Amino acid sequence: MGAMTAPMCGAFFLLVMSKRDFALYISTAVIGICSGAVTSISVSTTSELFGTTNFGVNHNILISNIPIGSFIFGDLAALLYKKGRVGGEENCVGQKCYQTTLLIWGGFCVLGSLLALMLHVKTKKLHVRK
């Protein structure tokens, strides 16, 4: 999972730093591919971490981050978009409107990558003991 969240960090920061359309296409593709991979990996991760007893409940709790994160990200983006309008502009276009949102989301990806690394180290120690 950490191997999939790390490229997403770079993609969010690339969106903030680059002013080219090509960066938008590449970042969107990386974020989509990595999100799909994390969703696929979460099935085996659930059974590995919690076992197969009550698998359905555990897996649904584990993947509840998808709708919750989408809601929070959309709400945060809308709030920051409203605040980010410079000089009372009616419309804000381009990366300057979402720069703060992308930085926050990139920071969450860095945190997620670090937590995934910590989980890997912890579970690796458990597998060595068996």
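One bit of bookkeeping before we start: helices here are DSSP runs of H or I at least four residues long, strands are runs of E of at least two, and both are numbered from the N terminus. Keep in mind that this is a predicted model.

Colour by secondary structure. Reading from the N terminus, you get α-α-α-α-α: five helices and zero strands. Of the 130 residues, 24% count as buried. Among contacts with a separation of 6 or more, 60% join residues 24 or more positions apart.

Next, select Met8, Cys9, Ala11, Phe12, Leu15, Val16, Ile31, Cys34, Leu102, Trp105 and Cys109, and show their side chains: that's the largest nonpolar core, 11 residues in total.

Zoom in on Ala11. What does Ala11 touch, once neighbours within four places in sequence are set aside? Its contacts are Ser27, Val30 and Ile31.

Look for the largest pocket, with a volume of about 1,600 Å³. To centre your view, pick Thr5, Met8, Val38, Asn65 and Cys109, which lie nearest the pocket's centre among its 50 lining residues. Elements giving two or more residues to that lining are α1, α2, α4 (65–84) and α5; α5 gives the most, 18 residues.

Last stop: colour the lining by class, and you'll find 26 nonpolar, 19 polar and five charged residues.

How values were computed:
Residues are numbered from 1 along each chain as its sequence is written. This is a predicted model: local features need pLDDT of at least 70, side-chain atom pairs count only at pLDDT 80 or more; totals for chains, interfaces and linings use all residues. Side-chain values use heavy atoms; hydrogens and water are left out. Buried means under 20% relative accessible area, exposed over 50%, partly exposed in between (1.4 Å probe, protein chains only). Contact means heavy atoms within 4.5 Å. A nonpolar core is a set of buried Ala, Val, Leu, Ile, Met, Phe, Trp, Tyr and Cys residues joined through side-chain atoms within 4.5 Å. On a 1 Å grid over the protein atoms alone, a cavity is a set of points where a 1.4 Å probe fits but cannot get out, and a pocket is an open set with protein on both sides within 12 Å along at least five of seven lines; lining residues have an atom within 4 Å of a point. Grid points are joined across faces, edges and corners, and a volume is the space filled by probe spheres set on the points. Ala, Val, Leu, Ile, Met, Phe, Trp, Tyr, Cys and Pro count as nonpolar, Asp, Glu, Lys and Arg as charged, and the others, Gly among them, as polar.
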